[in-house]
Amino acid sequence: MDLGLKGRRVVVAGGSRGIGRSIALGFAAEGADVSICARSESGLRQTEAELTALGVKTHAAPCDLGDGDAVRGYVEAAAAALGGIDILINNASGFGRTDDEAGWAASINVDLMGSVRASHAAIPHIEKAGGGAILHISSISGLAANARTPPYGAVKAALIQYTMTQAAALAAKNIRVNCVAPGSIEFPGGVWDQAKQGNPKLYNAILGGIPFGRMGRPEEVANLVLFLCSQAGSWITGQTVAVDGGQML
């Protein structure tokens with residue numbers, strides 16, 4: 001299926017590794033121009049080189065998505081580099097795990113407010129382009145009780161609600177808004193890769209709850225993201241779709 005993404009201008013907030021990297025590479029493979037950001041430059045330049053090798057216009061810049069001014073500056077720079085914005089992907093997470101001030105602040109500042117601020121900055125550009133799409137990466141932790149990581153689950157749930165509100169508010173501007181809720185996704189250096197090495201009891205307990213007997217892969221999330229942001233998903237908005245191999249079952 002031709003998703004019709006060639007020439008589209010895509011901003012991936014949190015795009016240097018894992019799910020964000022796979023999303024960025026997926027769009028580039030379809031011929032879209034892509035901007036990515038990340039807090040540090042460690043993996044940013046490597047992913048930028050991978051995107052450039054696919055023959056599309058590429059932009060990459062470090063950005064602390066918990067800093068409002070930095071988010072706004074990054075989105076404007078991305079729009080200038082790409083010649084506009086058609087699609088915004090909010091993927092970054094502060095991974096607030098502990099039920100204390102620090103844990104809540106980490107999730108609220110990055111997962112929620114980073115998405116709000118990036119949306120506010122990108123919407124005028126998407127509207128100027130005649131419409132497009134915004135997609136938030138939430139988690140199945142936002143769809144059920146989560147005693148292990150209270151702030152992470154609660155803020156991911158807020159992002160799901162924000163998706164519905166945005167979708168209703170932006171439909172008149174021809175902007176669709178959807179959300180993807182991944183289950184446990186494993187990739188080098190990621191949370192579950194670290195748990196596999198440092199907390200095998202937790203890793204194996206989570207693995208045992210997935211009917212297919214394996215963790216998910218970043219590209220399996222990216223495939224859905226590309227579909228939802230393409231014309232193939234043109235009548236889908238305000239939805240949250242879990243990508244979890246039946247983990248919630």
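**Reading the sheet, cores and spaces**

Analyst: Strand 1 and strand 4 pair in the parallel sense over four bridges. Pairing here requires that DSSP finds at least two bridges between two strands, and helices (H or I, at least four residues) and strands (E, at least two) are DSSP runs, numbered from the N terminus. This is a predicted model, in which local features need pLDDT of at least 70 and side-chain atom pairs count only at pLDDT 80 or more, whereas totals for chains, interfaces and linings use all residues. Residues are numbered from 1 along each chain as its sequence is written, and side-chain values use heavy atoms, with hydrogens and water left out.

User: Which residue of strand 4 is the bridge partner of Ala13?

Analyst: Ala13 is bridged to Asn90, and Val11 stands opposite Leu88 of strand 4. Strand 4 also pairs with strand 5, again in the parallel sense and over four bridges; there, Ile89 has Leu135 as its bridge partner.

User: What is the order of the strands in the open sheet?

Analyst: The seven strands run in the order 3-2-1-4-5-6-7, with parallel pairing. Strand 3 (58-62) and strand 7 (240-243) are the edge strands, each pairing on one side only. From one strand to the next the twist averages 15°; for such angles, axes are lines fitted to C-alpha atoms, for helices over the stretch in contact, and angles run from 0 to 180 degrees between N-to-C directions. Helix 3 (residues 68-82) lies across strand 1, strand 2 and strand 3, at about 155° to strand 2.

User: Are the residues Ile87, Leu88, Ile89 and Asn90 of strand 4 buried or exposed?

Analyst: Buried means under 20% relative accessible area, exposed over 50%, and partly exposed in between (1.4 Å probe, protein chains only). All four are buried, with Ile87 and Ile89 pointing one way from the strand and Leu88 and Asn90 the other way.

User: Which residues touch the most other members of the largest nonpolar core?

Analyst: A nonpolar core is a set of buried Ala, Val, Leu, Ile, Met, Phe, Trp, Tyr and Cys residues joined through side-chain atoms within 4.5 Å. Here the largest has 34 residues, and Ile23, Phe27, Ile89, Val180 and Val225 touch the most other members. Elements supplying at least two residues each include strand 1, helix 1 and strand 4, while helix 8 gives the most, with seven residues. Contact means heavy atoms within 4.5 Å; beyond its neighbours within four places in sequence, Ile23 is in contact with Val12, Ile89, Ile137, Ala222, Val225 and Leu226. A second, separate core of 26 residues includes Val11, Ala121, Ile123 and Ala167.

User: Which residues line the largest cavity?

Analyst: Rolling a probe the size of a water molecule over the atoms shows where empty space is left. On a 1 Å grid over the protein atoms alone, a cavity is a set of points where a 1.4 Å probe fits but cannot get out, and a pocket is an open set with protein on both sides within 12 Å along at least five of seven lines; lining residues have an atom within 4 Å of a point. The lining of the largest cavity consists of Ala13, Leu65, Asn90, Asn91, Ala92, Val110, Gly114 and Ser115. Helix 4 (residues 101-128) provides the largest share, three residues.
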